[in-house]
Amino acid sequence: MPKMTWSTLPAWALLACRDILRAGTSDHRLHETLNDALGIITAIPELGLGSNAAVYVADCSSDGHKLFHHRQCEDVTMPRIIDPDDVAGSFPEGWGRSSLYPIPLCVDENQPVIGAVLLFGRTAKRLSAEKLSILRIICQELGRIIVNRIGQGGSLMNIVELSTDEIYIFNPRSLAITRANTTASIRTGHTAAALTAMTTASLKVDMSEVEYRKRLEPLIIGRCTNISFDCYQRRRNGTVYPVKVHVWRIREQETDLFAEVAVAAADQRKAFGLLEQVFDAIPGGIGVFDNRSRLVMANRRLYDLMSIPPEQFPPGSRFEDILRYNAERGEWGEGDYEAMIHERLEQAELGLPYSFEREKASGRSLLVRSEPLSQGGYVLSYTDITLRKRAERDLIRDRDELEETVRQRTAEIEAQAAALEEALTQEKNINAMQRQFVAMTSHEFRTPLAIIDGAAQRLIRKRGGIEPEFLVEKTHQIRAAVARMVELMESFLSAGRIDTGKVELVLSACSLRKLIDQAITRQKIFSQGHRFECDVLDLPPVVRCDALAMSQVITNLLSNAVKYAPRAPDILIRGWEEDGFAVISVRDEGVGIDAEDIPKMFQTYFRARTSTGIAGTGIGLSLVKQVVTLHGGDIKVESQRGQGSTFTFRLPIRGPSKEPAGMVSVSEEASAA
Amino acid sequence: MITVLCVEDERDVRELIVEELQDAGLNVIEAENGKEGLDMILSRRPDIVISDITMPEMDGIAMLGELQINHPQLANMPFVFLTALSDKEKVIEGLSAGAESYLTKPVDFDVLMAKINGLVGRIENRVLAGLEF
């Protein structure tokens, strides 16, 4: 195979060499230049490498890490090449020699190898020996560029660039970042320009600027050449990752500068990532706060439960601001927000465990718990207890409803029992009244019977020489007694008819005055000791009513007045007209009625206490009331014990306005009674 | 002569009894109700009392009770109830009150007079025996 030289290179190879040299003179940083060069090499159509090539550079500034440039896998760390001259022999077993074809990077064959262009898979085998040696010459150009760049005055920056750790060059006084490498941009998510507008302290999550400065102090006063500590850094998107930080004192162009190298230890990162996953897997919200009440770490659920936007409150946010955000949105109700926030913060920073429940404006219930951390700070956990609360409320409501139902049922049963008892009492009263009625009825019939029988016996005894006067007198007694019995019977029959609803009122235009006069005349026969004063001239001349029934009503009231006033002879009957009604009152000055008996006066069989010793059935007044009611009128009594009684009833002059339902049928009589 | 007090609120009934007693040759005095009757017993000291029960002011049983409680010296006076109250309870009540006899209306005058005559005989025998007066 002829050894290739510049003079024997084909035109396309020369063009590629020229392009690579041009890239080398651009103001791109080294890793960008490597990328540009790789692009040029893989784009040579005559070689047909496609994307199966990479540039691999030994990084002497770092400990065991190499830079590996490949279109598809940027920033892949690789083991150190133990023998830079034996590139192929330096790869670990797993990489598989057969699939990798390294072309050493060097200025010329006599110079040390600084890296390699790697061909993957079968790519190298497809190339002819000629093309491979052309590729070696092209790669020498790349090697020259690298050596040139590293050898230049700006070599520091190239070393910085090549590092797979974050490197920040910053001013120890202002902490302002003057330079940050690509790895820093990749890790933090900030652009290089953005980083140079920040301070190293501002990237730290768990320490303030003051604390950071304190850490740097030994370095500033020259007590040591480097310091290192563990801390957390915040990405642009708010997430946090742990780093081990090394700070060195460097000098550049007479300026005192510090270099910070932030190493993201793989184990720590893995552990932290695991912790983050565990955090997110917890159903409750968890937030870790440092000893100055700043959020160190939180899971997604915490943002959800606290109703705060994650982008507004990334790690590093002050708890106070989170509280204020919620207070101002009315989650805590009305009140002095600042005072409440202050109180809440004091509670949180007391370093004691506590818990409380809170109902949010949305109706969600939260259980808030705080546990202090041994190195200061605390862990807040938020549990959604809405369902439990709802279940509790439902349970309480169910219990209250049950109690209410039981109470209602008890009340119903008690009411039923009371009603039953009342019905029983009423039944007993009615039974008692009926017994009394039977006794009185028997008495009422026996008295006229005794008169009839006695008169008859007397007639028989005197049969020998009866004088006409004696005969007349006895006959008169017999007839009066018979009349009394007939009257008694009639009232029973009427009561029975009304009770069974078979009364037929025969309405006609009647003169009440005439009915009253007739009744007084009849009454006088039986009660010669009483005086009847009658004042009925103001009554309307005619009233539509049942003459017979009304006559019975008046007779009944008159005989009562006589019966219950045995010692008071004066009975006053008055009649007048009032609002379309004829009103009649009967007043006696007899025994009167107890106030509590008055409401029962018109009940069938009822007899007032003042009636003791006076014969009566308890039917009369109830009959009177029913007849008056059938006529569309009403009746009342005014009385006091020992002060006599006044019974007053009213009848509509035009008769009953309508037929009382189901009680009575009204028939008209053409002629007046 | 034996005096009989007739206490009865029904005028016609009273009249018939009084006539019957007078025909039997007895001295009869009358009262319309229990209160009047009690006054008359205290003032006239009759030998026998015939009384109705159902009467205004004071009924017959109350009158007998009053007599026995407040005037024990007159408690032995023969008392005959003549009433239209025929139920058993009332008969028991009347006899328990201390009545000599309980007759119901309408009464057979022969029965009434037999009772009165029996009482008259007893009273006359006691007088003869010097037990009274």
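Buried area, as I use it today, is the accessible area, taken with a 1.4 Å probe, that two parts lose on being put together, summed over both. Hello everyone, and let's start with the interface. This is a predicted model, in which local features need pLDDT of at least 70 and side-chain atom pairs count only at pLDDT 80 or more, while totals for chains, interfaces and linings use all residues. Residues are numbered from 1 along each chain as its sequence is written, chains are lettered from A in the order in which they are written, and side-chain values use heavy atoms, with hydrogens and water left out.

So how much area is buried between chain B and chain A? About 2,300 Å², with carbon and sulfur atoms giving 48% of that. Chain B brings 25 residues to the contact and chain A brings 26, where contact means heavy atoms within 4.5 Å. Between the two chains we count 10 salt bridges, a salt bridge being a side-chain nitrogen of Lys or Arg within 4 Å of a carboxyl oxygen of Asp or Glu. One to look up on your screens joins the side chains of B:Glu20 and A:Arg461, at 2.5 Å from N to O.

Now to chain B itself. Chain B has five helices and five strands, and from the N terminus they run β-α-β-α-β-α-β-α-β-α. Those elements are DSSP runs numbered from the N terminus: helices are H or I with at least four residues, strands are E with at least two. Of its 133 residues, 53% count as buried, meaning under 20% relative accessible area with a 1.4 Å probe, protein chains only; exposed is over 50%, and partly exposed lies in between.

The strands of chain B form an open five-stranded sheet with parallel pairing, in the order β2-β1-β3-β4-β5. Pairing here asks that DSSP find at least two bridges between two strands. Parallel strands β1 (residues 3–7) and β3 (residues 48–51) of chain B are joined by four bridges, and B:Cys6 stands opposite B:Ile50 in β3(B). Helix α1 (residues 11–23) of chain B packs on this sheet, touching β1, β2, β3 and β4 (79–83), with its direction at about 165° to that of β2(B). For such angles, axes are lines fitted to C-alpha atoms, for helices over the stretch in contact, and values run from 0 to 180 degrees between N-to-C directions.

Over to chain A, which has an open sheet of five strands too, in the order β11-β10-β14-β13-β12, with antiparallel pairing. Its edge strands are β11 (295–298) and β12 (354–359). Seven bridges link β13 (residues 365–372) to β14 (residues 378–384) of chain A, and A:Leu366 stands opposite A:Asp384 in β14(A). Helix α12 (residues 337–349) of chain A touches β12, β13 and β14, its direction about 145° from that of β12(A). Helix α13 (residues 386–461) of chain A packs on those strands as well, at about 70° to β12(A).

Last, the cores. A nonpolar core is a set of buried Ala, Val, Leu, Ile, Met, Phe, Trp, Tyr and Cys residues joined through side-chain atoms within 4.5 Å. Which residues have the most contacts inside the largest one? They are A:Leu512, A:Met550, A:Ile573 and A:Phe649, in a core of 48 residues. Helix α16 (residues 547–563) of chain A gives the largest share, nine residues. A second, separate core has 32 residues, including A:Ala13 and A:Ile41.
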